[in-house]
Amino acid sequence: TIGYGHASPKKISKYKVGDTITEKEAEKLFLKDIKDAEDGVKSILKSWKKNNINVKITQSMFDSMVSMAFNMGISGFMKTDIMAMLKKGDYDGAAEKIKTTKTTATIKNDKGELVKVSMPGLVDRRMTEYTLFIKDMT
């Protein structure tokens, strides 16, 4: 990860651990990544509509979804319970799922055992995305 959250597979990334970039380069990557996330969410919604799955998405919901797609990757976001619930029209369930989706990481503890830990930054991020998602819900 470099800049404002730009990530790419190690094998194809032109960046390596320890590299730095300018603020201008970081902004350029960020704008491209956000555009990719936005296009991905639009593509999903277009596919749903084509398949007669009519889900009403407000601008705030869309913005929240783009943020999550940016953070999780579009394919990771597509596979979430959030999207499955939303696809069924369960707006409240989808909103609640935002709070806990991908907010943990599996790490090795001092004993070398794999344990799940909460990632406070992701918990905060999901709460912001949740708040944005429900902003225009009636």
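How do the axes of helix 5 and helix 6 cross, and within what distance do they come? They cross at roughly 160° and come within 8 Å. Axes here are lines fitted to C-alpha atoms, for helices over the stretch in contact, with angles from 0 to 180 degrees between N-to-C directions. Helix 5 and helix 6 are therefore roughly antiparallel, a label for angles over 145 degrees.

Some ground rules. This is a predicted model, where local features need pLDDT of at least 70, side-chain atom pairs count only at pLDDT 80 or more, and totals for chains, interfaces and linings use all residues. Residues are numbered from 1 along each chain, and side-chain values use heavy atoms, without hydrogens and water. Helices are DSSP runs (H or I, at least four residues), numbered from the N terminus.

Helix 5 covers residues 91-98. Its Tyr91, Ala94, Ala95, Glu96 and Ile98 meet Arg126, Glu129, Tyr130, Phe133 and Ile134 of helix 6; contact means heavy atoms within 4.5 Å. That contact has 7 nonpolar residues, no polar ones and 3 charged. Nonpolar means Ala, Val, Leu, Ile, Met, Phe, Trp, Tyr, Cys and Pro; charged means Asp, Glu, Lys and Arg; the others, Gly among them, are polar.

What is buried in helix 5? Gly93, Ala94, Ala95 and Ile98, each under 20% relative accessible area with a 1.4 Å probe, protein chains only. The buried residues pack against helix 2, helix 4 and helix 6.

Now helix 2, residues 59-72, against helix 6, residues 120-134. The angle is about 155°, the axes 7 Å apart. That makes helix 2 roughly antiparallel to helix 6. This contact divides into 8 nonpolar, 4 polar and 4 charged residues. Among them are Met61, Met65, Met68 and Met72 from helix 2, and Leu122, Leu132 and Phe133 from helix 6.

Terms used:
Helix = DSSP H or I, 4+ residues; strand = E, 2+ residues; numbered from the N terminus. Parallel < 35°, antiparallel > 145°, perpendicular 65-115°, else oblique. Buried < 20%, exposed > 50% of the residue type's maximum accessible area, 1.4 Å probe, protein only.
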